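Please keep the structure in view while reading.

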Amino acid sequence: MDFINLTPYTYQIGNRIIVPSGTVCYVDLSDQPEMVVDEITISRRLHGAIIDLPDRKEHTMYIVSHTVRRMTRDRGDILSPGKILKFEDGIYHLESLRRI
């Protein structure tokens with residue numbers, strides 16, 4: 001199985017190190033002001049299009065952010081980082097990867 005890391009971070013799960021692919025998949029986000037309370041603007045976060053997510057490819061899983069994963073529940077090839085055990089020397093050591 002190929003794991004393509006579409007985040008800017010390096011992950012280690014067990015003995016396997018997964019480095020960034022060079023492409024970062026993300027959700028186009030924007031804020032929409034809804035009201036002002038005591039001179040403080042309250043806004044709503046709007047989720048737009050998913051940017052730079054490749055089509056499915058046989059024997060390939062894609063590692064993306066939690067936000068992208070939650071927006072692609074219909075795809076079984078999308079993963080995001082699981083529990084972080086530690087961060088050391090620029091590498092996130094993970095317990096697992098998450099799906100759905």
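R75 and D77 form a salt bridge, their closest N and O atoms lying 2.7 Å apart; the term denotes a side-chain nitrogen of Lys or Arg within 4 Å of a carboxyl oxygen of Asp or Glu. Both R75 and D77 are buried, where buried stands for under 20% relative accessible area, exposed for over 50%, and partly exposed for values in between (1.4 Å probe, protein chains only). The model is predicted: local features need pLDDT of at least 70 and side-chain atom pairs count only at pLDDT 80 or more, whereas totals for chains, interfaces and linings use all residues. Residues are numbered from 1 along each chain as its sequence is written, and side-chain values use heavy atoms, with hydrogens and water left out.

By this rule there are four salt bridges. Side chains of opposite charge can pair when their charged atoms come close. R45 pairs with D31, with 2.7 Å between the closest N and O atoms. Because R45 belongs to strand β5 and D31 to strand β4, this pair ties together parts that are 14 residues apart in sequence; strands (E, at least two residues) are DSSP runs, numbered from the N terminus. R45 is partly exposed, at 46% relative accessibility, and D31 is partly exposed at 46%. A further salt bridge joins R44 and E34 at 2.5 Å, N to O. This pair links R44 in strand β5 with E34 in strand β4, 10 residues apart. With a relative accessible area of 39%, E34 is partly exposed.

Strands β4 (26-37) and β5 (40-51) each also supply at least two residues of a nonpolar patch. M35, V37, I40 and I42 make this surface patch of about 340 Å². Patch members have over 30% relative accessible area and no salt bridge, with like charges joined within 9 Å and nonpolar side chains (Val, Leu, Ile, Met, Phe, Trp, Tyr) within 5 Å. V37, in strand β4, is partly exposed at 38% relative accessible area.

The largest pocket holds about 160 Å³ of space. A pocket is an open set of points on a 1 Å grid over the protein atoms alone, where a 1.4 Å probe fits, with protein on both sides within 12 Å along at least five of seven lines; lining residues have an atom within 4 Å of a point. Of the 15 lining residues, T7, Y9, Y11, H66 and P81 lie nearest the centre of the largest pocket.

Definitions and conventions:
Accessible areas come from the Shrake-Rupley method with a 1.4 Å probe; for residues, only the protein chains shown count as cover. Helices (H or I, at least four residues) and strands (E, at least two) are DSSP runs, numbered from the N terminus. Grid points are joined across faces, edges and corners, and a volume is the space filled by probe spheres set on the points.
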